[in-house]
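User: Walk me through reading this model feature by feature. Give me the rule, then the case.

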Amino acid sequence: MIKTAGKLLSFFLLSILGILLFTSLPVLIYDYSVLMNNTRLIDTGQLDNNSFLTNSIQFELHAYLQQLKFTVQQIMDLTQTTYYSNGSDYQLLPAFLEVYPQSLSFFMGGLLASLLVGISFAVIYMIFPYHIRLIIKKIILAIETLPDVFIIILVQLTVIWFYKTTGLLMFNIVNVYKTEAYFLPIFTISILPTLYVTKYLILSMEDESNKSYIEFARGKGLKSIYLIIVYMLKNTAPSLFGQTKTIFWILLSNLLILEIIFNIYGIMRFIAEYGVENPHLAAICMIAIFLPFFIIFATGSLLIRKLDPR
Amino acid sequence: MKYFKQPSFLIGLTILVLLLSGSFAYSLLKEESTPSNILYDEKGKMIDRAPFERSAEYPLGSDQFGNNYVYVLLEGAKYTLGFVVLITISRMILSILVSFILLVVPSFIKKLINRISEIFYFAPLSIFAYLLIAPALIAFSWSYSDFTQFMITTCVLVVLTVPVLSVQIANEISILSKEEFIQHAPLLGGGRIHVFMKHILPCLSPKLLLLTVQQAGQTLAILAHLAFLKIFVGGFSKITYTLPGVSGTPVTYERTFSDSHEWGGLIVQNWDFYYGAPILVIAPVCCFVLCSIAINLMVSGMTKSENHSSTMQKKKITTSEETLPSASFLPVKKGRLNA
């Protein structure tokens, strides 16, 4: 137990350190103080012509360390944190609290949906006879390789096409003022993670079904559905937990494209819009994405350690 | 090459080679002409304004200038694919060099890099690339020349996956160097370079090739993402023009155009017209999809042929030695939890 906790702690600290080190990197290679100064002048209209401004790539270790210190200070005191945009500084918290809960609900909903649907798909898949399974497996593997951009555009076009032909708007496609769309975004971002979960489970369950204890149980006359749920799923599902990181990553990557294509103003677009001019903001957003993942991961691994001390 | 015996590898390779050679052939044979942005029928009657609808002559319609979109995409293919090839090859070379360094330094550094690079799981890889590229290309683009911008984009995309990749390659090499025949080679007088070139590299090369193709697929995906984040990889030019607005007051528009017709650039350039003429965005996306399918076909062909050869070897071993692993009745868990 203590060993697991120690591992989790080091994982937490190293990840935070990694995020801080990475998000301060732009300051290392770009001359931020001059560039930001010029940006302010241009945005406030004090500088009309920017064609004479030139700058080059540099390696400024001192500025990098300063930025690291600055980011840590900003994280320590979130209520005072400001970010620069378009000529003036804004308070971080109201804007951040507007985008964060929605995105959080999207990726938590997506994680839950993809795990539940993926597991049920895998169970249904195992019930089918062998030759049908081969076809289904090929289809799943084929769809899974499609880029997320394509899947999300496809979903949007389908909804629009459906609306055009039948006049029925199934869901809110984009966020219009105060009517938030929930079902469609969660559905869209969880397509690829679901397929990933299904693929992972069916591969490991098929592996499991060749083991001798399953063959023995089958020989004893146990029903195959009972075998699938009680033995195979129970013995493979915990290893799925090790894949949480990958599932989470696929979800996030889908979320980014979803926010752009469906015009949802979420945390990914928040990073993309302001994170470049404010490296500390990028760090805060990434830590905000990391924290829920870490909570899930830590509770999960402690729980598994407790249930199964092996 | 045993891979050529796999149909899926061959199909994938053919698609890519055809696209690339078609693109080069088109730009060689292309005759310079200024397209008109108004389409007339035989009697000289005006029937359409650019972007044109789809028709037999324009299978994918046209862009805003009246260029046939199929040719625009074909022209862009060589830039996108060429860029992918450039990045992938530099990534592999750099990673192999770094993996040599990793093999020499104490192993905790390898572990530390591995642990810290787990941050790449907490945001899409394209966001990490964007944070490093965007200062030069979007936020402070006025300060940097075209060449610097291109160099930054390339360097960032190359360096981004080097930590993960080099640790992976270093692990492969250290596993291989524990093999008996490689451990004994220095005893017979083989130097380090000799052992690497003659013994390790032949065993490593199929894995490196597979990694290269996988990296190409990943680069393609990042390029598509970066396009949606409004980054022009292949250079861009800004054009400002003024049009009379609704109430008669002139409105100034600023539009950015992709210089090279690179697919990602086409997506960014036409993003404002997504709802008006969706084909202008969807067609380049489909090109990305086609290439990524081709690359995945190659990967599956390569893994299939590797699996095939390894099962053949195993069969040979089992027939010669007849040692079957003793069956255990306990439900053994296969994948240990990496908690």
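User: How far does H3(A) reach from its first C-alpha to its last, and what is expected at 1.5 Å a residue?

Analyst: Ground rules come before the case. This is a predicted model, where local features need pLDDT of at least 70, side-chain atom pairs count only at pLDDT 80 or more, and totals for chains, interfaces and linings use all residues. Residues are numbered from 1 along each chain as its sequence is written, and chains are lettered from A and ligands numbered from 1 in the order in which they are written. Helices (H or I, at least four residues) and strands (E, at least two) are DSSP runs, numbered from the N terminus. The expected span of a helix is 1.5 Å times one less than its number of residues. H3(A) has twelve residues and reaches 16 Å, close to the 16 Å expected.

User: Which residues of H3(A) are buried?

Analyst: Count neighbours. A residue is buried if 20 or more other C-beta atoms lie within 10 Å of its own, exposed if 12 or fewer, and partly exposed in between, with C-beta atoms placed from the backbone. In H3(A), Tyr32(A), Leu35(A) and Thr39(A) are buried. They cover an arc of only 70° around the axis, so they sit on the same side of H3(A). That arc is taken over the directions from the helix axis to the C-beta atoms. The face turned away from the buried side carries the exposed residues Ser33(A) and Asn37(A).

User: What about H1(A): which of its residues are buried, and what covers them?

Analyst: Ser15(A), Gly18(A), Ile19(A), Leu20(A), Phe22(A) and Thr23(A) are buried in H1(A). Their cover includes H2 (25–29), H4 (61–76) and H14 of chain A, together with H3 (107–116) and H4 (125–139) of chain B. The span check works here too: the 22 residues of H1(A) should span 32 Å, and the end C-alpha atoms are 32 Å apart, which agrees.

User: How many residues of chain A are in contact with chain B?

Analyst: 56 residues of chain A are in contact with 45 residues of chain B. Sort the chain A side by class: Ala, Val, Leu, Ile, Met, Phe, Trp, Tyr, Cys and Pro count as nonpolar, Asp, Glu, Lys and Arg as charged, and the others, Gly among them, as polar. That side has 34 nonpolar, 18 polar and four charged residues.

User: How many bridges join E1(A) to E2(A), and how do the strands run?

Analyst: Two strands pair if DSSP finds at least two bridges between them. Four bridges join E1(A) to E2(A), and the strands run antiparallel. Tyr83(A) stands opposite Tyr90(A) in E2(A). The two strands form a hairpin with two residues between them, and Asn86(A) in the turn has a positive phi of about 50°.

Conventions:
Contact = placed C-beta atoms within 7 Å.
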